[in-house]
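Subject: Structure handover

Hello,

Here is the structure you were waiting for. Please open it alongside this email, and my notes follow below.

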Amino acid sequence: MDILDIFLSASFWAATIRIACPLIFATLGELICERAGVLNLGIEGIMTAGAMAGWMWVYQGGDLIGGIVFAAFIGALFGLLHAQFTVILGVSQHVTGIGITMLASSLSYFVFNMLLPNTTTPPKVVPFQTIDAGPLANLPFVGEVFFQHTFFTYLAFALVPMVIYILYKTPLGLALRTAGENPSSLESQGISVFVIRTIAVMFGSSLMAVGGAYLTISAFDAFYFGMINGRGWICIALVIFASWQPGKALLGALLFAGLDAMQVRMQLQLGTFIPYQVFLMLPYLLSIAAMVIVARKAKYPKALLQPFRRGERN
Amino acid sequence: MQFEAREHTPVAFLLIVPLVAVLCSMLLASLLIIWAGQSPLQGFALIFKGAFGSSFAITETLAKTTPLIFTGLAAAVAFKAKFWNIGGEGQLYCGALAVTWLGTGIVDLPPILMIPFLILVGMIAGATILMLPVFLKNQLKVDEVVTTLLLNFIILLFVGYCLEGPLKDPMSMGWPQAAPIIDSGIFPTLIERSRLHLGLIFALLAAVIIWAIFRFTLWGFEIRAQGLNATASHHAGINSNWTIFKVALLSGGLAGLAGVSEVAGLKGYLTLDISPGYGYTGIAVAMLANLHPIGVVFSALFLASIFVGADFMGRSIGVPNFIADIMVASSVLCILIGLLLCKYRIRFNSSRLKQVIS
């Protein structure tokens with residue numbers, strides 16, 4: 001049985017973990033923005049910018065960790081821009097997001113072209129290497145699945161408990177969630193909704209950018225045009241699927257990545273009967289399906305999409 | 001900082017705002033041109049020359065304006081009702097695909113019937129594909145932003161499949177392209193030896209018709225009411241699901257028309273690159289026009305000239321032509337601020353205490 005073979009192969013599970021990583025970063029980023037009440041449709045462009053920034057940092061001679069930090073910084077800058085529009089001025093979050101996506105991706109391509117003119121094949125960097133896990137890496141099956149990954153991969157998984165802790169166990173997390181549920185009550189506590197939402201959007205955007213950087217300096221070793229390829233939009237669907245909970249977001253990202261990894265392997269086996277485009281469509285179809293499953297009982301943060309203006313009744 | 005609602009918006013504002021937004025985006029572009037080691041003045045002169053410098057340039061710019069008017073109208077109609085159709089790109093390809101399917105020999109009519117037939121087919125195709133997000137939104141409360149966005153990718157893959165499989169032109173020497181549209185279905189060119197075609201006239205007509213619908217019909221009123229205040233319009237007895245359904249028909253149809261016009265008008269056959277993102281740029285077109293159908297014509301012309309001009313500048317002095325997209329994106333963001341200023345007056349209070357005391 002072919003599908004059983006796939007499930008029994010360690011490489012499938014290892015690939016699932018790798019594919020999930022950029023989705024984990026970006027989904028958590030989007031989740032943080034939305035929990036604070038801001039829909040960030042800039043995600044697709046911010047991921048592109050992060051992918052370019054992180055890669056370029058390394059290509060220019062910086063170290064890999066610096067690449068992550070730089071990508072996060074660029075992401076936070078776009079987040080700040082997004083927040084200026086959606087939080088401080090309170091204009092349409094939809095249009096701002098689309099605008100940021102267009103701006104961030106075209107700026108990334110422009111900068112890439114400026115710094116590396118006349119390149120036909122995308123230049124490569126030395127990406128993150130697998131961490132030497134000693135004897136653990138040699139364990140049958142388990143070794144390949146869990147102990148042959150890069151630092152960046154482990155960072156993605158370590159981020160989940162961190163985000164859960166911040167969101168649910170710290171005053172900042174409480175303020176953030178309140179900003180997305182009932183901003184007036186937050187204001188009445190003397191905490192500025194503007195500040196909290198701005199922090200949330202900046203932090204969330206930096207995670208999106210780091211997710212983009214994962215692609216260029218860990219999963220692959222080059223930046224090329226259109227490489228995000230809708231991953232950002234998929235993450236927005238994943239946030240809804242996870243009903244705005246970080247734990248479920250991890251689960252969703254893994255589930256999704258597993259199906260994606262399976263899709264590639266099925267393609268090898270069934271490629272002669274079924275056109276390859278069908279397999280490539282699956283991630284997008286699955287995202288739509290995932291939203292349909294949860295849509296009816298989706299618990300949107302109550303103040304999502306609602307700009308907060310001091311002294312106005314909501 | 002406080003926002004004070006304006007009771008009246010000066011008419012001059014509505015005209016000045018897009019201009020200021022464009023100026024701001026030019027400022028950003030100047031910085032980038034300076035970075036590229038060129039003079040911004042020369043850069044903008046080249047953009048202008050590239051877009052309007054010769055009769056050939058003008059026809060090219062107008063040919064590029066055509067699909068942008070259609071996708072701009074598609075976005076304007078949908079956004080007016082706060083229906084976030086970001087799937088213009090996919091609907092465009094659906095229209096193009098349908099026209100390729102029925103226009104390459106299966107149906108053969110005299111031109112006077114064939115062209116309207118193809119237009120109808122493309123509109124139906126564009127509208128039909130939008131029915132899925134509408135159904136999901138109205139029946140299951142699935143957010144239309146994500147579904148329309150994701151459908152773009154699905155449709156593009158489907159078109160790719162069709163061009164390599166069932167619709168592939170056997171005469172294409174291995175290129176993934178479809179057979180040409182039969183002669184009776186091709187839009188006649190407006191000017192000899194140019195790529196400017198009848199589609200432009202249809203686009204202008206569409207803009208006028210949409211304007212008339214908004215201005216004079218009950219339906220247009222319902223669309224506007226839905227967008228301004230969905231709750232109030234619901235209480236006034238407007239069926240919001242039904243309104244959104246009709247808005248989607250119109251919006252998807254217009255985006256599909258863009259595909260028809262590119263295939264049957266500009267190119268003559270379908271390839272996977274007939275649209276360099278016209279569907280997405282349509283959103284910018286609509287925003288720059290403040291969702292006004294007649295304004296869409298002008299903002300489409302403006303953005304088309306930026307694209308054509310930036311290509312020319314790129315070839316002349318080597319500034320990457322992504323600068324066009326940057327200008328489009330930044331003017332969208334600037335116009336958002338401008339429109340806010342039309343609605344609100346911003347007060348910077350030195351001390352709120354003073355206000356409380358008095």
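How many salt bridges does the rule find across the interface of chain A and chain B? The count is zero. Please keep in mind that this is a predicted model.

**The interface**

On one side are 47 residues of chain A, in contact with 49 residues of chain B. The area buried between the two chains is about 4300 Å². Carbon and sulfur atoms give 84% of that area. Four residue pairs are in polar contact across the interface of chain A and chain B. On the chain A side, helices H4 (64-88), H5 (93-115), H11 (231-241) and H13 (276-295) each supply at least two residues that touch chain B. H5(A) gives the largest share of that side, 16 residues.

One residue of helix H5 of chain A is Ser105(A). Ser105(A) has a relative accessibility of 15%, so it counts as buried, the cut-off being under 20%. Beyond residues up to four places away in sequence, Ser105(A) touches Gly45(A) and Thr48(A). Ser105(A) is also 118 residues from Phe223(A) in sequence, and the two C-alpha atoms are 12 Å apart in space.

**The cores**

The largest nonpolar core has 212 residues. The members that touch the most others come from both chains: Phe152(A), Ile217(A), Phe79(B), Leu254(B), Leu270(B), Met287(B) and Ile323(B). Helix H13 (residues 322-343) of chain B provides the largest share of this core, 14 residues. Apart from this core lies another, of five residues, including Ile6(A), Phe12(A), Ala261(A) and Met262(A).

Take a look at Phe152(A). Leaving aside neighbours within four places in sequence, Phe152(A) is in contact with Phe25(A), Ile68(A), Phe128(A), Val210(A), Ala213(A), Tyr214(A), Ile217(A) and Ser218(A).

Start with H6(B), residues 144-164. Its 21 residues should span 30 Å at 1.5 Å a residue, and the end C-alpha atoms are 30 Å apart, which agrees. H6(B) is mostly covered, with 17 of its 21 residues buried.

Helix H11 of chain B, residues 278-288, is mostly covered too: ten of its eleven residues are buried. Among them are Tyr278(B), Gly279(B), Thr281(B) and Met287(B). Met287(B) is also one of the residues that touch the most other members of the largest core. Just after H11(B) comes Asn290(B), with a positive phi of about 50°.

**Salt bridges**

Over all chains, the structure holds five salt bridges.

- In chain A, Lys302(A) pairs with Glu181(A), with the closest N and O atoms 3.9 Å apart. Lys302(A) lies in the segment after H13 of chain A and Glu181(A) in helix H8 (residues 171-181), so the pair ties together parts 121 residues apart in sequence. Lys302(A) counts as exposed, at 64% relative accessibility. Glu181(A) is partly exposed, at 34%.
- In chain B, Glu222(B) and Lys246(B) form a salt bridge of 3.6 Å, N to O. Glu222(B) sits in helix H8 (residues 218-228) and Lys246(B) in helix H10 (residues 240-267) of chain B, 24 residues apart. Are these two residues buried or exposed? Both Glu222(B) and Lys246(B) are buried.
- Also in chain B, the side chains of Asp273(B) and Lys267(B) meet at 3.4 Å, N to O, in a salt bridge. Asp273(B) is exposed, with a relative accessible area of 53%. Lys267(B) is partly exposed, at 33%.

**Arg6(B)**

Arg6(B) is in the loop between strand S1 (2-5) and helix H1 (11-35) of chain B. A polar atom of the Arg6(B) side chain lies 3.4 Å from the backbone oxygen of Tyr344(B). Leaving aside neighbours within four places in sequence, Arg6(B) is in contact with Phe13(B), Leu341(B), Cys342(B), Lys343(B), Tyr344(B) and Arg345(B).

Best wishes

Methods
Residues numbered from 1 in each chain as written. Chains lettered and ligands numbered in written order. Predicted model: local features only at pLDDT ≥ 70, side-chain atom pairs only at ≥ 80, totals over all residues. Heavy atoms only, no water. Helix = DSSP H or I, 4+ residues; strand = E, 2+ residues; numbered from the N terminus. Expected span 1.5 Å × (residues − 1). Buried < 20%, exposed > 50% of the residue type's maximum accessible area, 1.4 Å probe, protein only. Core = buried A, V, L, I, M, F, W, Y, C linked by side-chain atoms within 4.5 Å. Contact = heavy atoms within 4.5 Å. Buried area = accessible area lost by both parts, 1.4 Å probe. Salt bridge = Lys/Arg side-chain N within 4 Å of Asp/Glu carboxyl O. Polar contact = N/O pair within 3.5 Å; in protein donor to acceptor, adjacent residues only side chain to side chain.
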